[in-house]
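Thanks for coming. The structure goes up now.

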Amino acid sequence: MVALQLPSWNRIRATVAWDDRKTALSLMTRAVTTPLPRDTGPTPAGALAAALSLDKSGKTAEAAAAYQDILESSRAAGSRAVEAETLRRLAVIRHHQGDIHSAVELCRSSFEVATGADDRHLAAEALNTLAGITFETGEIEQARSLFLEAQRLGSDSPALWGRIEQNLGILANIQGDWSLAREHYIKSLAAFEQAGDERGSAIAFHNLGIISTDLKSWDDADRYYRRSHEIASRLGERRLQGLGRLNQAFSLLQRERYADALTMAEEALRVFDEIGSPMDKAEGYRVIGAVYRQTGRPLLAEARLSSAIKLARETGSVLGEAESARELALLYRTLGRNKETLDLLNQSHGLFGRLDARRDMIDVNAKVDHLEDTFGAVVRDWGQSIESADSYTYGHCERVAAYAGVVAADLHLDALTLKTIRFGAYLHDLGKVRVPHEVLNKPGRLTPEEFDIIKQHPAWGLDMLEGVEFPWDIKPIIRSHHERYEGGGYPDGLVGDAVPLNANIICVADVWDALTTTRSYRPAMTTEQAMEQMQKSRGWWRADVFAAFEHAVPAMTDQQLR
């Protein structure tokens, strides 16, 4: 069975270190001396301590309500440090609830209040939290800049330095530099231990567990996760406990320990449901769906993965949605649901593309390459299943793809175009599944009526792909691969440059394969006979396409002999 692709953006982003209890305790000590009006009840700092206790125990709704009350009292008392920290805490809650816009605005307000109070430490805290939110929405370059600015402002705080080192490690992990990521995590652990920050140490152990999983150092991964869980349990940190269980489930899934992975993921999901964190639930559903897919329970897998996609979309997790869509596509592929497979792969590819379009973003190239390999395999399998009804043409699409690739390479077309031509070749005859069997396999010459039926297969192919939007321009190939440069082709009777170049390349490869293979109505031609026939019909193709074809014939003959 295929293991889940690692590393996962979402399982890493879940451990972004933006929360420092020591900061709150420190500012409470500062704020408690702020003069207050008489008979106002507990100080803002004391109220913040109580709210933090609710927050860390997973009572998110109660904590959020308390933070709102504290904002009013801190503003009335002029406790700007408490106000800045409360705004930041509330931002974290809003973010976990999926309200990205509100979270960003609260972080910016926290930064403005801290800056106005000339408090560099709290300003750095606000930037670090804002960077974490920005990071999770895919704006990696902006997040990196914010992390570095936060590190500059908070250079005198070991705990904050440790959390930013950890976040920079996460960026390195996302970009595939596991050695650099591990180095950042080790530095962060040292800083947390220097600061006496147990919670920070728990997160550092957690991320070291993720890196060890990526490196397949299973014993180290288990050891780090165990250390993290021990500290989180002692501190009563419910979300961190849930994240530890979730990421440990990824590690177990890698090792094909499916029952243990399911148990861990379900435990994590219960925690996320308890504390009201839909973005974390999305990842929980994805892991559970992957377990069900790989253990042959397709209905359950489909339900859980569909939930993962929905929650990821609602919480703005672009890569989470992309990876869940790809996981569901893999399920549909095993079920032979080809159109749905292609549709989901295209959705996933488009989402990955949105990330790749941003400057200096995460390195999704490996993910896109993997996705395109999967896409190609699906398309190739579909093409072969179309041909399976006719023993004479079996392998036709594969050969046309190979021949067209040789011609396209001779024309020095770019890599994207080569890929488009290859995928288009696999599907160019898709519409033939609607041609009656007796017509498709007729041993003699077709009647005019029968040929009219054959001529409909390009349009039928597009009908079958209705609603599937490809990341490559495949549809013109399917529709126009029987058009001729000199005119007289079908289904649209295009002439000259109106015939798409890619379709014209598929056409020359298609005719060559038809002439050089045995068909129900005639034996295969020799290379010389086929070339003579092609010369007589050279007006069907663009001059440069036919010249490239003539030059490529020896290589195409080699392909034929393999």
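Helices are DSSP runs of H or I with at least four residues, and they are numbered from the N terminus. What you see is a predicted model, in which local features need pLDDT of at least 70, side-chain atom pairs count only at pLDDT 80 or more, and totals for chains, interfaces and linings use all residues. Residues are numbered from 1 along each chain as its sequence is written, and side-chain values use heavy atoms, with hydrogens and water left out.

Start with helix H4, residues 60-77. H4 has 18 residues and reaches 25 Å from its first C-alpha to its last. That is close to the expected 26 Å, where the expected span is 1.5 Å times one less than the number of residues.

Which residues of H4 are buried? Buried here means under 20% relative accessible area, exposed means over 50%, and partly exposed is in between, with a 1.4 Å probe and protein chains only. The buried ones are Thr-60, Ala-63, Ala-64, Ala-66, Tyr-67, Ile-70, Leu-71, Ser-74 and Ala-77. They lie on the same side of H4 because they cover an arc of only 160° around the axis; the arc is that of the directions from the helix axis to the C-beta atoms. As background, an α-helix has 3.6 residues a turn, so residues three or four places apart point the same way.

The face of H4 turned away from the buried side carries the exposed residues Ala-61, Asp-69, Glu-72 and Ala-76. The cover over the buried residues of H4 includes helix H3 (44-56), helix H5 (80-96) and helix H14 (258-275).

Take Ser-74, which sits in H4. Ser-74 counts as buried because its relative accessibility is 0%. Beyond its neighbours within four places in sequence, Ser-74 is in contact with Pro-44, Ser-79, Val-82 and Glu-83. Just after H4, Gly-78 has a positive phi of about 70°.

Now the backbone exceptions. Most residues other than glycine have a negative phi, and most peptide bonds are trans. Lys-216 is in the loop between helix H11 (198-214) and helix H12 (218-235), and its phi is positive, near 60°. Glu-256, in the loop between helix H13 (238-254) and H14, also has a positive phi near 60°. Glu-256 is partly exposed, at 42% relative accessible area.

The loop between helix H25 (475-480) and helix H26 (501-516) holds Tyr-485. Pro-491 is found in the loop between H25 and H26 as well, and the peptide bond from Tyr-490 to Pro-491 is cis, with omega near 10°. Tyr-485 is partly exposed, at 26%. Its C-alpha is 6.5 Å from that of Gly-539, 54 residues apart along the chain. Leaving aside neighbours within four places, the contacts of Tyr-485 include Val-495, Trp-540 and Arg-542.

Last, the cores. A nonpolar core is a set of buried Ala, Val, Leu, Ile, Met, Phe, Trp, Tyr and Cys residues joined through side-chain atoms within 4.5 Å. The largest has 85 residues, and Leu-342, Met-534 and Phe-549 have the most contacts inside it. H14 gives the most to this core, nine residues. A second, separate core has 59 residues, among them Leu-48, Ala-84, Leu-146 and Ala-204.

Conventions: Helices (H or I, at least four residues) and strands (E, at least two) are DSSP runs, numbered from the N terminus. Contact means heavy atoms within 4.5 Å.
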